[in-house]
Amino acid sequence: MAQWNPWHGCRKISAGCQNCYVYRIDSSFERDASTITKTAAYNLPLKKTRNGKYKLTPGETVYTCFTSDFFLEEADNWRIDAWRMIQYRSDLHFYIITKRIDRFGINLPPDWGDGYANVTICSTCETQDRADYRLPILLNLPIRHKAIICEPLLEQINLSSWLLNSIENVIVGGESGNEARICNYDWVYNIYTQCIEKKVPFHFKQTGARFVKDGRLFNIKRQDQHSQATKAGIDFCS
Ligand code: SF4
């Protein structure tokens, strides 16, 4: 799995950010995650190895900006060249998750048109309130590949109004870390049934650290959170 983090650090904007893993990891290194900086990997999509090949191998999915938010205000100017690199590397697929879909249009490249074919934009919605705000925006934007992620899922969410053909999949997960809030299997299953009904692919990614099923609370170790979600057997491909 390739990652590209052109900038690092972020500002919290919604309930899902409360226990942000970027803050958590940075604090363990006594680093302030609210300081936003360009990274040494800013030009990674253009970088080559000594034998002249791209460091990011053609055909790879590149998980982009996972230690920040691609649409952060502080990165507005940096994003101009980031988009150029994304356009130039049409042999890669860039997967971008954001809590700032409402800032998508700022410094969008002039040749964006109805969207680059090599970009997926995935909007986070951790609560009903954030789904109701962000998803209509996502649906109305010119983006070729759209996805929804509910992680950390913090309550039951009705997504059905937004599960249209243009949504390629929905991913759901709990919260990790010592301060993790509860994720209830009933909420996960409820979104799964909405996806079945609307024929939108669904993936239960991970349980999070504190998972409630059948009224019982399970404390689940980090290394088991993905496999426990898989065991639920509720992934769905339309
Ligand atoms: S938007 Fe993402 S990276 Fe930024 S503070 Fe929130 S959870 Fe962390």
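Biologist: Which residues surround the ligand?

Modeller: Cys10, Lys12, Ile13, Gly16, Cys17, Cys20, Val22, Ser68, Asp69 and Lys99 surround the ligand; a residue is near a molecule or strand if its C-beta atom, placed from the backbone, lies within 6 Å of it. This is a predicted model, in which local features need pLDDT of at least 70 and side-chain atom pairs count only at pLDDT 80 or more, while totals for chains, interfaces and linings use all residues. Residue numbers start from 1 along each chain as its sequence is written.

Biologist: How do the residues of that shell divide into nonpolar, polar and charged?

Modeller: The shell has 5 nonpolar, 2 polar and 3 charged residues. Ala, Val, Leu, Ile, Met, Phe, Trp, Tyr, Cys and Pro count as nonpolar, Asp, Glu, Lys and Arg as charged, and the others, Gly among them, as polar.

Biologist: Why is strand E5 called largely enclosed?

Modeller: A residue is buried if 20 or more other C-beta atoms lie within 10 Å of its own, exposed if 12 or fewer, and partly exposed in between, with C-beta atoms placed from the backbone. In E5, 5 of the 6 residues are buried, so the rest of the structure largely encloses this strand. Strands (E, at least two residues) and helices (H or I, at least four) are DSSP runs, numbered from the N terminus.

Biologist: What makes E7 mostly covered?

Modeller: In E7, 6 of its 6 residues are buried. His145, Ala147 and Ile149 point one way, Lys146, Ile148 and Cys150 the other way, and all are buried.

Biologist: What is the order of the strands in the open sheet?

Modeller: The 7 strands follow the order E1-E4-E5-E6-E7-E8-E10, with parallel pairing. Strand E1 (2-4) and E10 are the edge strands, since each pairs on one side only.

Biologist: Which residues touch the most other members of the largest nonpolar core?

Modeller: Ile148, Val170 and Ile191 do, in a core of 58 residues. Such a core is a set of buried Ala, Val, Leu, Ile, Met, Phe, Trp, Tyr and Cys residues joined through C-beta atoms within 7 Å. H4 gives the most to this core, with 5 residues.

How values were computed: Pairing = 2+ DSSP bridges.
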